[in-house]
Each structure stands twice: as C-alpha cells, then as structure tokens.
Amino acid sequence: MYKEKGITRMSKVLKIGKGKKLSLKKSNGGDLKHAEIRLYWVSPEGERFDYDLDATAIQLIRSKDPRYQFGRALGDDYVCFYGQPETQGILSMGDDQEGGDKEGEPNEVIKIDFTDLSPRTELVRILLTIHDADKRRQSFDRVSNARVELVDSDTDEVLVTSDLDSLAPGSTSAMFVVFEKGEDGKFTFENVSQGYKKDVLQMLSVFGIEAEY
C-alpha cells in the first residue's frame, strides 16, 4: 500500500475465496466500547441451494473524491470478513454457509472494539451480502427469518435491529449501520439498512477495494 494526499491506495488484490444518528453513550453515561453485529437467517425449504449470508466490516477515511462518497478503505488489511477474520479492533467469529435455527444464537457474529480501531479510522461500515446470489438466484426478500442486530456486547442490549426481507425487492447486498467518528473522537452510529442489487465484489469496489474470487 502507499499514501497519496491522505488517500491510502491498495497495491495488492484481496482474494475472496469460498465454496437517524445516535450517540454511542450507554445508559450509565459511559461510551460504548464493545459491540457485536449479529446475523441470523434460516435457509428456506425447497430451494436448490442453501443461503449463505455474510457480514463484512470496513474501516474507512472520509474522501472528497466523488467516487468514494461512502468513504475510502484504509487498505485491504482493514476489511474484516470470513476470509480475513481478524483485523485491527474487529473480529469475525466464523462463516456459517447454511444458516438455520440455532435456538436463539446468531449464525454469524462480528465483534468491534472501538478502543482498538486504527487511529486513522473515521468511519466503519457494516455490509451484508449473499454469497453467489446471482448464480443461485437468491435475494434477501426470499430468505426466511433474516435479521441483523447491533448489540452492546457488554450489556447484551440490542441497539438496532433490521429485518432483511424488508429491504428493496431483489436486494442481494446491504449497508446495515455506519459508525462515524466526531471531532471529539467519539463514534456515533446511523441505522442505514439500505439494500442494493450488487455482489460482494461490487460493494467492496465502492470503497476502493480491488477484489476477485
């Protein structure tokens, strides 16, 4: 990687192999320090393929370049997903490729430690995608009981929840929440819950990540 005018550019290709704003203040007056993104879904019966939903967290800087209106990635080392499960301050707890009822337990979890993020991080966006959605003719509105939660992992309080089948019809990817650092160094979050008809490669390219299967 190299820097040019404050922008970090990626010098390598990230391989993807596979089969309203709120303050992060807790009720006790302290700051939210640890959060979890919890993803739940059940693959519908009668489908040829199971649904494989994935969560990704990307650390970003703000960019004046209109191509990167949602922010530009610090670099490929700051993309946390199933193929790169451990990045600075963010940890993916594994890849569930089938979904299913786990008696209230989430199918996939991403953990965020706001005290350990890169000091350069100004934004963290959480993306949701369906693996091979176009090939398998799958979309969020066809998967059963799919939802995602933002949770204060210190208290287990659910801060934001979104039902994925309520996204725009045909959506195969989504931006769930964005965390944004203010001038005081504290993060706020916004529930975006916006669906898109894009695959994971197209979503990553929005943030300046070059990736391939």
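Residues are numbered from 1 along each chain as its sequence is written, and side-chain values use heavy atoms, with hydrogens and water left out. The model is predicted, and local features need pLDDT of at least 70, side-chain atom pairs count only at pLDDT 80 or more, and totals for chains, interfaces and linings use all residues.

Secondary structure elements are DSSP runs, numbered from the N terminus: helices are H or I runs of at least four residues, and strands are E runs of at least two. Accessibility is given as relative accessible area: buried is under 20%, exposed is over 50%, and partly exposed is in between (1.4 Å probe, protein chains only).

Gln84 sits in the loop between strand S8 (79-80) and strand S9 (86-87). Gln84 counts as buried because its relative accessibility is 19%. A polar atom of its side chain lies 2.7 Å from the backbone oxygen of Asp76. A polar atom of the Gln84 side chain also lies 2.7 Å from the backbone oxygen of Val79. Gln59 belongs to strand S6. Its relative accessibility is 0%, so Gln59 counts as buried. The side chain of Gln59 has a polar atom 2.8 Å from the backbone oxygen of Gln88.

Gln59 also has a neighbour from another part of the sequence. Leu123 and Gln59 are 64 residues apart in sequence, with 6.0 Å between their C-alpha atoms. Leu123 is in strand S12. Leu123 is buried, at 7% relative accessibility.

Aromatic contacts come next. A pair of aromatic rings is described by the distance of the centres and the angle of the planes. Rings of Phe, Tyr and Trp (its six-membered ring) pair if their centres lie within 6.5 Å; planes under 30 degrees apart are stacked, over 60 edge-to-face, and the rest tilted. The count comes to four aromatic pairs. One of them joins Phe114 and Phe179 edge-to-face, at 5.1 Å centre to centre and 65 degrees between the planes. This pair links distant parts of the chain, 65 residues apart: Phe114 is in the loop between strand S11 (108-113) and strand S12 (123-130), and Phe179 is in strand S15 (residues 173-181). Phe114 is buried at 11%. Phe179 is buried at 0%. Ring pairs link Phe114, Phe179, Phe187 and Phe189 into a cluster.

A charge sits over a ring if NZ of Lys or CZ of Arg is within 6 Å of the ring centre and within 35 degrees of the ring normal. The charged end of Arg147 sits over the ring of Tyr40, 3.8 Å from the ring centre.

A cavity is a set of points, on a 1 Å grid over the protein atoms alone, where a 1.4 Å probe fits but cannot get out; lining residues have an atom within 4 Å of a point. Grid points are joined across faces, edges and corners, and a volume is the space filled by probe spheres set on the points. The largest cavity has a volume of about 70 Å³. Its lining consists of Asp54, Thr56, Val79, Phe81, Tyr82, Thr129, Ile130, His131, Val200 and Leu204. Strand S6 (53-61), S12 and H2 are the elements that give two or more residues to this lining. By class, the lining has six nonpolar, three polar and one charged residues. Here Ala, Val, Leu, Ile, Met, Phe, Trp, Tyr, Cys and Pro count as nonpolar, Asp, Glu, Lys and Arg as charged, and the others, Gly among them, as polar.

Val200 is buried at 14%. Val200 and Thr172 are 28 residues apart in sequence and 8.9 Å apart, C-alpha to C-alpha.

Two non-glycine residues have positive phi. Glu103 has a phi of about 55 degrees. Glu103 lies in the loop between strand S10 (90-92) and S11, and is exposed at 77%. Ser193 has a phi near 50 degrees. Ser193 is in strand S16 (residues 187-196), and is partly exposed at 23%.

Technical notes
Polar contact = N/O pair within 3.5 Å; in protein donor to acceptor, adjacent residues only side chain to side chain. 1 Å grid on protein atoms, 1.4 Å probe; cavity = no way out; pocket = protein on both sides within 12 Å on 5 of 7 lines; lining within 4 Å.
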